[in-house]
Amino acid sequence: MKQFLLMLIIASSTLISAQPAAHSALKNGAVYGRVIDAELNEPLPYVNIVISDMTKKIITGGITDDDGKFYIDNLPEGKILVSVQFVGFKTTNQEITIGKANYKVDLGTIHLEEASTGLDEVTVIADVSSIQQRVDRKVITIGKDLQTAGATASEIMNNLPAVSVDQQTGALSLRGNQNVRVMVDGKLSNIPAEQLLKQIPSTSIKSIELITNPSAKYNPEGMSGIINIILHKNTQIGFNGNINVGLAYDIEPKFNSSIDANYRNGKLNFYGSYSNSVAKNVNYGQINRVEQNIAQNFNILNNNKSHLFKVGLDYYLNDKNTLSVFTNQNIFDAWSDVYSSIDYRTNPTLDESQYTRGDNDNDSQQYNLNYKHDFNEEGHNIEFEADFNTYNGLTDTSNAFYNSQRPNFIEETHTDRSNTTLNLDYVNPLTEATKLELGLQVRLFDTELFYESDARETNANGDYIPTTTRFDYTRDIYSAYATYGTKKEKWSYQLGLRAESVYVDSDAFKQDLASNDVLNIPFENNYFELYPSAFFTYSPSEKNSYQLSYSRRIDRPGIGQVNPLPEWNTPLISQFGNQELRPQFTNSIEANYTRQLEKGSLTAGLFYRIIEDEIQQAILIDRTDINRLIMTNLNFDNSTAYGVEVSSNYRPTSWWSVNASFDLYAQSQKSLAESFDEDQNILLNTVKVDNVAWSARAFNNFKISKSFSLSAFGMYRGKNQNIQFEMEDMLMVNLGLRYTFMENRANFSFSYNDIFDTMYAAFESARPYAQQGQFNWESQQISARLSYRFGGGNYRAKSRKQRDNDVKEGGGMF
């Protein structure tokens, strides 16, 4: 913590020196009046009254009381501008003069009119999703059309440009790379990403941000960037909420539901939510070793149950200070049955099989405290946030082998993980066109894994040697950042620098219970790094915009990549982590062009990445059984990747709209892969794979009437090659409909995915054995969803301002 305290002292000194001097011309002038709703003729409480000079520099301000009245004094002589601002209503401005015989000005009754675009965020959802290209991110606003595409965040991800989800594992990729960080309302979670995405209802999502080249303000993890899911937040006064229910079916049923509600009265806003997911998922497939004439078959059934709770409170101390707290609680319970068999087609007497029963229970908690102070100048603020995450998991696995040389055994893994994050952020708009941002952060990450294996039962295959292994891993990161941005005429730029000091300490203890031998493997890796970023924008007209950006990022190895415990195993394959795996670094350059069309917009972009100490998979032959493979990760030399993306929103007619995208990526991958020569000697080969992959997708929405719409989605993904396999192309076509009723408070949606049953994973490989295979899942799925909005209030609450340019937003599901 010494490093953090030192940086805190430095930042505090900077903040104090940055404070504006007191206004030298303050007199005892005052303005007062009353604000009412123009339509309802009722007083509006907590309306912002902003006092500025004629250069629009804010002098002071206040808010209305419960009767809509306000009184602001200590105003300077001369002309001032009084601005009346309230979320959901049109802003009114009045110019007045404070002077002799006119020091106290009565503005009378001010009637605020409701803004057509200021309706509640939860209740007003666009019919059609939209895509906006901003300086450092692509923002997809989730409309009713995309909500029809799936019941959860995981299901709608495949509808987004440059994003894909592995339907078997749930692994998320951005620009063809799984080194991506997933955030919810700007916050990382200890819940595994593939589990988290299946727990967020699609109706709770306001927008999804694809931050492919983040600035120095963000944590630098993730080679391909950040996917940030922004959830709806209700800001109405009174009691409001939403209920959602969804059911899906292919081979097995899947059910999810959610309810979120808030109550706002005066300075307090209470909110809470609950969601659940109960789903059975079937996967099945086959891998054939062509030359050996061996087939390995898999049948997998997963049964997952999850429950998520959130409770929070926003306390508006006054118009300058806001205090917020919330907690998330997650309960996850799952079991899986995995049947795998090996068929020796030339000698069936050697056939063997394996049955694995896995039980996985985990729970996680998040506790968050946020305090924000707004200074007199608009956009000038300081914010402190403390976030604490815990994760506790228990996995029990029972392995039974039939007609096999392997003895039956059981495995048990305990996981205890905690993550503490402290943020201090300061924003100062030095002028209307210039902004300075400073920040400090501490992240303390700690994981303890305990693994134990023993004989399941005595069988004819010999005795099993039990083992006990413990893996302790800590990583402390102390960082500071600064960004400076300005705009001049048609040009704007932002420069940033982040400094990080990282301390990694891990220990692996392995004990052979039969011989009582103990192996201790310690490892440390401490390093200091700088992460610069730069963004340039040129807008020659309202219709054209050019952007160029650069950032340096890091991919720190995940727990699964450094954990020396066995992650999973089958009769022919096992996977282990590499404790000495180092992080890889990425320098990324990106250019984008955005064209505003009469009926939509078009965005085209290029990116180029240089990856240092690249982390890639290695495929080794098990020395204890040459028919088995071991998969792990190693660091390799530098490599490059590049790609092109094109996306567009277009509305050919008033009843038809299209969101379409095309992306192409090229990347070189290196790996170690062992093989056999003619004399069955093991050869170690460095393998290089030059992979070019592309995909195209289009989402069509057809508005039949004001209440009824149809949708059609098509996606094609070309062949894709990695170190182990060459994946065949994929095609999927989905259809959906949506009907709104009960004065837009309720809606029903229905979808039929993969109508031609063409979505499956087919692959082949030449190393270390010639192999072919295919996996299928429940892609041809029928689903229905019903949602209802209840409550309602006439007055909007003061929206809590957000850190990281609207990245953080409370309320909603998380």
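In this predicted model, the side chains of Arg443 and Glu500 come together in a salt bridge, with 3.2 Å between N and O. Arg443 belongs to strand 23 (residues 434-455) and Glu500 to strand 25, so the pair ties together parts that lie 57 residues apart in sequence. Both partners are buried; for Glu500 the relative accessible area is 0%. Glu500 also meets the side chain of Arg498 in a salt bridge, here at 3.4 Å from N to O. Arg498 counts as buried too, because its relative accessibility is 2%, under the 20% cut-off. These residues are part of a network of salt bridges that links Glu221, Arg443, Arg498, Glu500 and Arg556. In general, side chains of opposite charge can pair when their charged atoms come close.

Across the whole structure, 17 salt bridges are found. Another of them joins Glu113 to Lys90, whose closest N and O atoms are 3.8 Å apart. Glu113 sits in the loop between strand 7 (104-112) and strand 8 (130-133), while Lys90 sits in the loop between strand 5 (78-85) and strand 6 (92-98), so this bridge connects parts 23 residues apart in sequence. Here the setting is partly exposed: Glu113 has a relative accessible area of 46%, and Lys90 has a relative accessibility of 46%.

The chain contains five helices and 44 strands, and 53% of its 814 residues count as buried. Among contacts with a separation of 6 or more, 66% are between residues 24 or more positions apart.

Attention now turns to the nonpolar side chains. The largest nonpolar core holds 27 residues, and those with the most contacts inside it are Met157, Ile205, Ile208, Ile227 and Ile229. Elements giving two or more residues to this core include helix 3 (153-157), helix 4 (193-197), strand 13 (205-211) and strand 14 (225-231). Beyond its neighbours within four places in sequence, Ile229 touches residues including Ala153, Met157, Val182, Leu197 and Ile205. A second, separate core has 21 residues, among them Val31, Leu75, Val84 and Ile110.

Some nonpolar residues lie at the surface instead. A nonpolar patch there, with about 890 Å² of accessible area together, includes Leu430, Tyr484, Tyr493, Phe536 and Ile610. Strand 25 (491-512) and strand 31 (600-612) each supply at least two of the patch residues. Tyr493 is located in strand 25 and counts as partly exposed, at 33% relative accessibility.

Key:
Residues are numbered from 1 along each chain as its sequence is written. This is a predicted model: local features need pLDDT of at least 70, side-chain atom pairs count only at pLDDT 80 or more; totals for chains, interfaces and linings use all residues. Side-chain values use heavy atoms; hydrogens and water are left out. Helices (H or I, at least four residues) and strands (E, at least two) are DSSP runs, numbered from the N terminus. Buried means under 20% relative accessible area, exposed over 50%, partly exposed in between (1.4 Å probe, protein chains only). Contact means heavy atoms within 4.5 Å. A nonpolar core is a set of buried Ala, Val, Leu, Ile, Met, Phe, Trp, Tyr and Cys residues joined through side-chain atoms within 4.5 Å. Patches are made of residues with over 30% relative accessible area and no salt bridge: like charges are joined within 9 Å, nonpolar side chains (Val, Leu, Ile, Met, Phe, Trp, Tyr) within 5 Å. Accessible areas come from the Shrake-Rupley method with a 1.4 Å probe; for residues, only the protein chains shown count as cover. A salt bridge is a side-chain nitrogen of Lys or Arg within 4 Å of a carboxyl oxygen of Asp or Glu.
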